[in-house]
Amino acid sequence: MSIAGLVTALLVGVAVGLLGRLVVPGRQEAPIWLTVSVGVVAALAGSIVAHLAGVDTSTLNLLALVIQAGLAGIGVVLVVATARPDPSDSP
């Protein structure tokens with residue numbers, strides 16, 4: 001994986017992580033750092049999957065971006081949808 005592929009995966013992961021909280025309305029229990037972290041890790045995994053599938057990840061490639069954003073989106077939606085409120089906040 002090249003530096004360009006790594007930077008692209010990081011940017012895609014951060015963007016999807018920040019926007020992921022808006023996808024599942026009414027569920028704001030997941031902290032922002034968690035959604036961004038999951039987005040970055042899933043986008044990096046998407047970059048690895050794209051490379052293993054034979055997609056050129058050394059340059060800016062639309063298919064690699066779609067795979068990265070797709071995996072990051074799935075990961076962030078799963079984290080936000082399964083987040084529970086902090087038990088110390090309940091009365």
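Residues are numbered from 1 along each chain as its sequence is written. In this predicted model, local features need pLDDT of at least 70 and side-chain atom pairs count only at pLDDT 80 or more, while totals for chains, interfaces and linings use all residues; side-chain values use heavy atoms, with hydrogens and water left out.

**The whole chain.** Helices are DSSP runs (H or I, at least four residues), as are strands (E, at least two), numbered from the N terminus. Of the 91 residues, 33% are buried (under 20% relative accessible area, with exposed over 50% and partly exposed in between; 1.4 Å probe, protein chains only). Among contacts with a separation of 6 or more, 71% join residues 24 or more positions apart; a contact means heavy atoms within 4.5 Å. The accessible surface comes to about 5,400 Å², and carbon and sulfur atoms hold 75% of it (Shrake-Rupley method, 1.4 Å probe; for residues, only the protein chains shown count as cover).

**Helix α1.** Select residues 3–23. This helix of 21 residues reaches 30 Å from first to last C-alpha, close to the 30 Å expected at 1.5 Å a residue; the expected span is 1.5 Å times one less than the number of residues. At G17, α1 bends by about 30°, the angle between axes fitted to the seven residues ending there and the seven starting there. G17 is also buried, as are G5, T8, A9, V12, G13, V16, G20 and R21. The buried residues of α1 pack against α2 and α3.

**Helix α2.** Move to residues 32–52. T35, V36, G39, V40, A42, A43, G46, S47 and A50 are its buried residues, and their cover includes α1 and α3 (62–82). Just after α2, select G54, which takes a positive phi of about 95°.

**The nonpolar patch.** Finally, show V14, L18, L19, L22, I32 and W33 as a surface: they form a nonpolar patch with about 630 Å² of accessible area together. Patches are made of residues with over 30% relative accessible area and no salt bridge, joining like charges within 9 Å and nonpolar side chains (Val, Leu, Ile, Met, Phe, Trp, Tyr) within 5 Å; a salt bridge is a side-chain nitrogen of Lys or Arg within 4 Å of a carboxyl oxygen of Asp or Glu. The largest share, 4 residues, comes from α1. I32 lies in α2 and is partly exposed, with a relative accessible area of 41%.
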